[in-house]
Amino acid sequence: MDTTQLLKGVLDLAVLAVLRDDDGYGYDILRRLRTAGLSEIGDASVYGTLRRLFAAGYLTTYVVPSEEGPHRKYYALNPAGRAQLKQGGEVWREFASTMELLLREPA
């Protein structure tokens, strides 16, 4: 099954989830998503998602200077982002539970 379409529907929620406990910059967030098992995610998708979530008011940003390269733009969840993560998590768990019931093999 091609998971590309599934990822499009849940990428916002996945990005919010990886920022729940720690702020992160673009590549760091991409690495965390891939480490979690979403290995098919492209960097352009993550950066676009970060811009969209910021524009929607779910993220704050700040810049950290780097001595070894360009400054890094960090993203952090704000209260609206945490509320969106909570609500999105509830919707996802209900959806996943429904799909699990539909896909369950008869005993």
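Student: In which element is the place of arginine 32?

Tutor: Helices (H or I, at least four residues) and strands (E, at least two) are DSSP runs, numbered from the N terminus. Arginine 32 has its place in helix α2 (residues 26-35). This is a predicted model: local features need pLDDT of at least 70, side-chain atom pairs count only at pLDDT 80 or more, and totals for chains, interfaces and linings use all residues. Residues are numbered from 1 along each chain as its sequence is written, and side-chain values use heavy atoms, with hydrogens and water left out.

Student: Is arginine 32 buried or exposed?

Tutor: Buried means under 20% relative accessible area, exposed over 50%, and partly exposed in between (1.4 Å probe, protein chains only). Arginine 32 has a relative accessible area of 16%, so it is buried. Buried residues make up 30% of the 107 residues in the protein chain.

Student: Which side chain does a polar contact join to that of arginine 32?

Tutor: A polar contact is a pair of N or O atoms within 3.5 Å; within protein, one must be able to donate a hydrogen and the other to accept it, and residues adjacent in sequence count only if both atoms are side-chain atoms. Here the side chains of arginine 32 and aspartate 28 are joined by such a contact of 2.6 Å.

Student: How is an aromatic pair described?

Tutor: Two values describe a pair of aromatic rings: the distance of the centres and the angle of the planes. Rings of Phe, Tyr and Trp (its six-membered ring) pair if their centres lie within 6.5 Å; planes under 30 degrees apart count as stacked, over 60 as edge-to-face and the rest as tilted. The structure holds 3 aromatic pairs. In one of them, tyrosine 25 and tyrosine 74 have ring centres 5.4 Å apart and planes at 70 degrees, so this pair is edge-to-face. The pair links distant parts of the chain, with tyrosine 25 in strand β1 (residues 24-25) and tyrosine 74 in strand β3 (residues 72-77), 49 residues apart. Tyrosine 74 counts as buried, at 18% relative accessibility. Tryptophan 92 and phenylalanine 95 form a tilted pair, 5.7 Å centre to centre with 40 degrees between the planes. Both of these residues, tryptophan 92 and phenylalanine 95, lie in helix α4, 3 residues apart, about one turn of the helix.

Student: Which residue has its charged end over the ring of tyrosine 25?

Tutor: A charge sits over a ring if NZ of Lys or CZ of Arg is within 6 Å of the ring centre and within 35 degrees of the ring normal. The charged end of arginine 72 meets this description above tyrosine 25, 4.3 Å from the ring centre. Lysine 73 likewise lies over the face of phenylalanine 54, at 5.8 Å from the ring centre.

Student: How accessible are tryptophan 92, with its relative accessible area, and phenylalanine 95, with its relative accessibility?

Tutor: Tryptophan 92 is partly exposed, at 40%, and phenylalanine 95 is partly exposed as well, at 45%. Methionine 99 lies in helix α4 (residues 79-103) and is partly exposed, with a relative accessible area of 33%.

Student: Where is lysine 86 placed?

Tutor: Lysine 86 has its place in helix α4, and at 56% relative accessible area it is exposed. Its C-alpha atom is separated by 9.6 Å from that of leucine 16, 70 residues apart along the chain.
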